[in-house]
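Biologist: I am new to this structure and would like to learn how to read it. Please take the features in turn, with the general idea before the case.

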Amino acid sequence: MGGNNCKGLFSRSTSVVTLNKLPKTGKPDKYDYVEGTVCKESDIKENEMKHLSLGDDGGKILLIKQKGELHAIGTKCTHYGALLHTGALGDGQVRCPWHGACFNIKTGDIEDYPGLDSLPCFQVNVDDSGLVHVKARRRDLDIGKRMKKMYERDVNNNTTVVIVGGGPAGAVCAESLRQEGFTGNIVMVCKENTVPYDRVKVSKNFNFDIEKATLRPPSFYKEHNIEIKLSTEAIALDTNENVVQLSSNEKLTYDYLFISTGSKPRIPDIPGVHLSNIHVLRDYTDSHALNSKMSLDKHIVILGLGFVGMEAAASCVNKCASVTILGRGTVPLETVFGTEIGNTIKQVFEEQGVKFMFGRDIAQFIEKEDDKNTVGAVVLNDGEVLPADIVIIGIGSTFNTDWIKDSPIHMLADGSVKVDKYLKTNVANVYAGGDIAYAPLFGSDDMSAAVGHYSLAHYHGIQDTGNRTGLRFTGR
């Protein structure tokens, strides 16, 4: 009874400790491990998860029983630390209750996103008296996450993968290549001046720390020989010569190309829209610029009833004189959650002093009398004028694919890129993922769509021998 799971991983960890001989504490090797009885086998039912203590140092493990086998893994989601025993147990997987990340209960591997790291898994045994024993490396208990094995760069492998886009799809693509054994060149082209980060924070917290929000620190890419070109855009593509032209005048030659350039904010064609203090929220510089202008005497007008507008409003509460949200709909987030939930959200925001004006739009932005370059008011489509020291626009986005419009890549009228179930475009060795990918939807009778979703963008970056995205990069 009981699964002796992750035996290979556990044995590999043991060999590392042996090579180290003694830990920094000077204690024998056995102190690198924690082993103890966590419960009786009869205490855990089939398809049950238990959050249990291991050892005397406050270590915790998640014990799971499924199909008669016991599995022990880390207790917290590697994305933002939600306790997994409060999530959902599926067939061989446990799903995070917060953002839906999914982990294999036998290996701890992350199988659905967001987040990049996997869970540690621990050795489980049941003795003859029915007691469940778990043995774990102390470091794994303390950290609660692990990175999959990364293969080293081979200087003799000249195969080059170019990834255009600095979002989650591009970041996961680069990392997965090294995990799947690709040892050639990997070059990432990132428009922003920073490595990929959690862009979801942009509209949630105007003052977030960009260094803490990165998906991986800059040192990670250096350590694994993933070249990153920051503050650089791809401006043209020659698929005959396999060349990406960059804004820096450099030309990158590729063997394989993964395009994940995402979206850009939609800017309305309204008189005065280019006045200062009118903001969109796409990257961290937008957030920081807004944060620097916030004060208790400022009146803020937000155009848009979707996630960006609502999250921005929540970030502004108690930091300004007033917050007014405009939109053509009748309740916030109606297209996502429906009228009933939308009205509940509306009530919560109104209790915090946020004012809604439905069925309205902005007809004109008016400059301040004493500063002709800065917005001071907005004129609505019914003629009403609202004071506006800061305007935030959140009315959707368009696909950031203009740079490939002259290439033979099959694109739809809206700028999305048509791909197959493996994310292959119609051009050999060119793939597309993330927001821009017009891809078949699983379980929907081959219907395709471009879905702008943070977790899905992660998923598009996976390379696992073709089972998910079909990106088979050879030349180990």
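Biologist: Where does UniProt place the feature "domain: Rieske"?

Modeller: The UniProt record, an unreviewed entry, places that feature at residues 36-133. UniProt positions are given in the numbering used here, feature names are shortened, and annotations may be inferred rather than shown by experiment. The span of residues 36-133 is 0% helix and 46% strand, and its end C-alpha atoms lie 5 Å apart. Helices (H or I, at least four residues) and strands (E, at least two) are DSSP runs, numbered from the N terminus.

Biologist: What should I know about the model before going on?

Modeller: This is a predicted model, in which local features need pLDDT of at least 70, side-chain atom pairs count only at pLDDT 80 or more, and totals for chains, interfaces and linings use all residues. Residues are numbered from 1 along each chain as its sequence is written, and side-chain values use heavy atoms, with hydrogens and water left out.

Biologist: How do I read a sheet, and what is the order of the open sheet of 4 strands?

Modeller: Strands of a sheet pair through backbone hydrogen bonds, either parallel or antiparallel. Here two strands pair if DSSP finds at least two bridges between them. The open sheet of 4 strands has the order β5-β6-β7-β8, and the pairing is antiparallel. β5 (88-89) and β8 (110-112) are at the edges with a single partner strand each, so one side of each has no neighbour in the sheet. Between β5 and β6 (residues 93-95) there are 2 bridges in the antiparallel sense, and L89 stands opposite V94 in β6.

Biologist: Which residues of β11 are buried on one side and on the other?

Modeller: In a regular strand the side chains alternate between the two faces of the sheet. Buried means under 20% relative accessible area, exposed over 50%, and partly exposed in between (1.4 Å probe, protein chains only). In β11, T160, V162 and V164 are buried on one side, and V161 and I163 are buried on the other. With 5 of its 5 residues buried, β11 (residues 160-164) is largely enclosed by the rest of the structure.

Biologist: Which strands pair with β11?

Modeller: β12 (residues 185-189) runs parallel to β11 and is joined to it by 5 bridges. The chain passes from β11 through helix α3 (residues 168-179) to β12 in a right-handed β-α-β crossover. A crossover is right-handed if, with the strands pointing away from the viewer, the path from the first strand over the helix to the second runs clockwise. β17 (residues 256-259) also pairs with β11 in the parallel sense, over 4 bridges; there the bridge partner of V162 is L257.

Biologist: How many residues of helix α7 are buried?

Modeller: An α-helix has 3.6 residues a turn, so residues three or four places apart point the same way. In α7, 7 of the 10 residues are buried, so the helix is largely enclosed by the rest of the structure. The buried residues are G309, M310, E311, A312, A313, S315 and C316. Their cover includes β20 (299-303), β21, α9 (339-351), β22 (355-358) and β26 (390-393).

Biologist: How many disulfides does a search of the whole structure find?

Modeller: A disulfide is a covalent bond between the sulfur atoms of two cysteines. The test used is a pair of cysteine sulfur atoms within 2.5 Å, and the search finds 0 disulfides. For C102, the nearest cysteine sulfur is that of C77, 9.9 Å away. For C316, the nearest is that of C320, 5.3 Å away. C102 is buried, with a relative accessible area of 2%, and C316 is buried at 0%.

Biologist: How many aromatic pairs are there?

Modeller: A pair of aromatic rings is described by the distance of the centres and the angle of the planes. Rings of Phe, Tyr and Trp (its six-membered ring) pair if their centres lie within 6.5 Å; planes under 30 degrees apart count as stacked, over 60 as edge-to-face and the rest as tilted. The count comes to 6 aromatic pairs. One of them, F307 with F337, is edge-to-face, at 5.9 Å centre to centre and 85 degrees between the planes. F307 is in α7 (residues 307-316) and F337 in α8 (residues 334-337), 30 residues apart.

Conventions: Contact means heavy atoms within 4.5 Å.
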